[in-house]
Amino acid sequence: MRVLLIGGGGREHALALGLSADPSVEQLIAAPGNPGVAAVAELRSVDAGSPDSVAALAVDTAADLVVIGPEAPLVAGVADAVRAKGIACFGPSAAAAQLEGSKAFAKEVMTAAGVPTARAHTCTDRSGTEAALDEFGPPYVVKNDGLAAGKGVVVTDDRETALRHAAECERVVVEEHLSGPEVSLFVVTDGEAAVPLLPAQDFKRIGDGDTGPNTGGMGAYAPLPWASPDLVDEVMTRVVHPTLVEMRRRGTPFTGLLYVGLAITAAGPKVIEFNARFGDPETQVVLALLDTPLASLLHAAATGTLAEHPPLRWRAGAAVTVVVASAGYPGTPRTGDMIDGADRPGIIHAGTARRAADGALLSSGGRVLCATATGPDLAAARRGAYALVDDISLAGSQHRRDIALAAAEDRISLPGQGGRVG
Ligand code: AMP
């Protein structure tokens, strides 16, 4: 089949590696892609946020399947426009993508579906926000209602900081703070059948020990040796299927990738957020372990035949990815720095560009590269990923040194269960 992949970050490079390795893929086209993706796909330009532009490219490239990586095109209705041309598309409709596009909508669906999640209020003015903050108490959680590239959430003990964030947003969701280790579970779905991938954990804060501001994600690992073996089944039963039923009931079935962000609290798993697409950088580790051909899986979801798809096969061992970010990230990232050491297996490009004059590789975004390695266990995968990081040269770059460290050392404890698990 001919596959058109939309997007140009680290997630899309990981998707491109998976798609191009599927023997059923005759040709992979990526738009806009990036210099890493260029090694495995033909690159085309596109206005990824424009439904007409993507649909026209899908027709022009005679795509049999379009895979949409980022959230913004989904919320803008790109999947609807592609399907209107009669082309299979992996990704939800604009209406269904509101599960990510609006935190208030997601809460409404979760409440209707009886999904365990933090108690929350949607607020549009200072007095409403103050009342909600005081009801839940610190630490305060204030979320911008709309898309904010993973940076719309403030978690703080400082009431003034919480109020300031709310004042900067038109509409916020103020919610109860959930404590416990976080899990990202990706679920491939055709709206009815649903297939979970391996649970993963990502690292949102910029600094070691989960300090500093939130980012798009500084690293990830899979699988989770500390998680209960029943976790995935429990989340499928209590979260995923009720949500899919509710979305069908509303006449807006969710198809594509449902990303369930969870906190494992003393009262069990609770949803922190839904996303409508693969997470970045968890995709880098989850797909590194997936043995089942990716394009055939996504095609089954896009064509309503997921129930007939064979069970997934996984490689043994573990995967770790460490994000190398540019100076200034997550504030104002510096771009245009020369990168050395990125042309090797395991280096996923997230924010890179080639200089037109001489083809030199330059940083072009906040998260620049994701050093990704697999190994027989987390400790080995960490060593592989950090060995790749050590060989990268990028002026002023930052990375966390503790990605997957606590899990590799068996130091993650689940609340309410007497400490260490493993
Ligand atoms: P989100 O964009 O909703 O994933 O939020 C980004 C990050 O903020 C999450 O990964 C959590 O670390 C944190 N967060 C969001 N909501 C909550 C909550 N209710 N309780 C604790 N932490 C939260």
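Begin by selecting residues 2-7, which form strand 1, together with residues 27-32, which form strand 2, and you will find the two paired in the parallel sense over 6 bridges. Strands here are DSSP runs of E with at least two residues, helices are runs of H or I with at least four, and both are numbered from the N terminus; two strands count as paired if DSSP finds at least two bridges between them. This is a predicted model, in which local features need pLDDT of at least 70, side-chain atom pairs count only at pLDDT 80 or more, and totals for chains, interfaces and linings use all residues. Residues are numbered from 1 along each chain as its sequence is written, and side-chain values use heavy atoms, with hydrogens and water left out.

Within this pair, pick Leu 5 and then Ala 30, its bridge partner in strand 2. Widening the selection shows an open sheet of 5 strands in the order 3-2-1-4-5, with parallel pairing. Its edge strands, strand 3 (42-43) and strand 5 (88-90), each pair on one side only.

Now move to helix 8, residues 159-168, where Ala 162, Leu 163, His 165 and Ala 166 are buried, that is, under 20% relative accessible area, while exposed means over 50% and partly exposed lies in between (1.4 Å probe, protein chains only). These four lie on the same side of helix 8 because they cover an arc of only 160 degrees around the axis, the arc being that of the directions from the helix axis to the C-beta atoms. On the other side of helix 8, select Ala 167 and Glu 168, which are exposed.
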